[in-house]
Amino acid sequence: MNPLMKIARDEAGKGVRNNEGGPFGAVISRKGEIIAQGHNEVLKSNDPTAHAEIVTIRRAAEALGRYDLSDCELHTSCEPCPMCLSAIYWSRISSVYYGCTKEDAANIGFDDNAIYEYIRHPEQHQDELKLVPLEREECLQEFREWQDKQDKKMY
């Protein structure tokens with residue numbers, strides 16, 4: 001078994017056995033060196049965003065002292081959910097290797113199809129989650145301030 005995928009799988013097992021979250025684990029490496037590892041901690045932390053990939057990205061960013069992880073790779077025990085995929089995208093991780101598929105996850109109760117469907121057709125799912133524009137002009141003030149900021153750092 002790939003050594004990094006084995007760590008991801010072992011992390012998933014820790015989360016299951018300790019009742020800290022679902023069976024998901026991840027490890028981030030750079031040039032073969034492990035930077036961070038973690039598992040799903042949703043139940044442990046009562047944080048619905050504490051998925052294995054998110055936990056591990058946060059630890060890697062802290063360890064490296066930067067948000068740009070473009071020189072890193074992620075090994076995860078399962079294909080990332082939409083939230084984790086977004087975090088991977090924003091952290092600029094260059095490659096993701098996964099074990100189980102999103103269909104495997106759905107088969108044990110972790111089904112993300114509703115999220116994918118909402119993204120494809122939000123107008124058809126307003127009874128599930130309403131996205132309502134409010135006070136745009138007032139909120140644009142900070143956008144304009146950002147746009148005019150001379151010392152801003154894009155990320």
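Strands here are DSSP runs of E with at least two residues, helices are runs of H or I with at least four, and both are numbered from the N terminus. This is a predicted model, in which local features need pLDDT of at least 70 and side-chain atom pairs count only at pLDDT 80 or more, while totals for chains, interfaces and linings use all residues. Residues are numbered from 1 along each chain as its sequence is written, and side-chain values use heavy atoms, with hydrogens and water left out.

**The sheet**

S1 and S2 pair in the antiparallel sense over 6 bridges (pairing needs at least two DSSP bridges between two strands). Select Val27 and look across to Gln37 in S2, which stands opposite.

Now show the whole sheet. It is open, has 4 strands in the order S2-S1-S3-S4, and its pairing is mixed. From one strand to the next, the twist averages 15°.

Move to S3 (residues 73-78). S3 and S4 pair in the parallel sense over 5 bridges. Select Cys78; Cys100 in S4 stands opposite.

**Helices on the sheet**

Next, select helix H1 (residues 3-17). H1 packs on the sheet and touches S1 (25-30), S2, S3 and S4 (contact means heavy atoms within 4.5 Å). The direction of H1 makes about 25° with that of S2. Angles run from 0 to 180 degrees between N-to-C directions, and axes are lines fitted to C-alpha atoms, for helices over the stretch in contact.

Then select H3. This helix also packs on the sheet, touching S1, S2 and S3, and its direction makes about 140° with that of S2.

**H3 against H4**

Show side chains for the contact: Glu53, Ile54 and Ile57 from H3, with Met83, Cys84, Ala87, Ile88 and Ser91 from H4. These residues divide into 6 nonpolar, 1 polar and 1 charged. Nonpolar here covers Ala, Val, Leu, Ile, Met, Phe, Trp, Tyr, Cys and Pro; Asp, Glu, Lys and Arg are charged; the others, Gly among them, are polar.

Go back to H1 and select Lys6 and Asp10. They lie 4 residues apart, about one turn of the helix. Their side chains meet in a salt bridge at 2.8 Å, N to O. The rule asks for a side-chain nitrogen of Lys or Arg within 4 Å of a carboxyl oxygen of Asp or Glu. By this rule there are 11 salt bridges.

**Zoom out**

The C-alpha trace spans about 55 × 40 × 25 Å along its principal axes.
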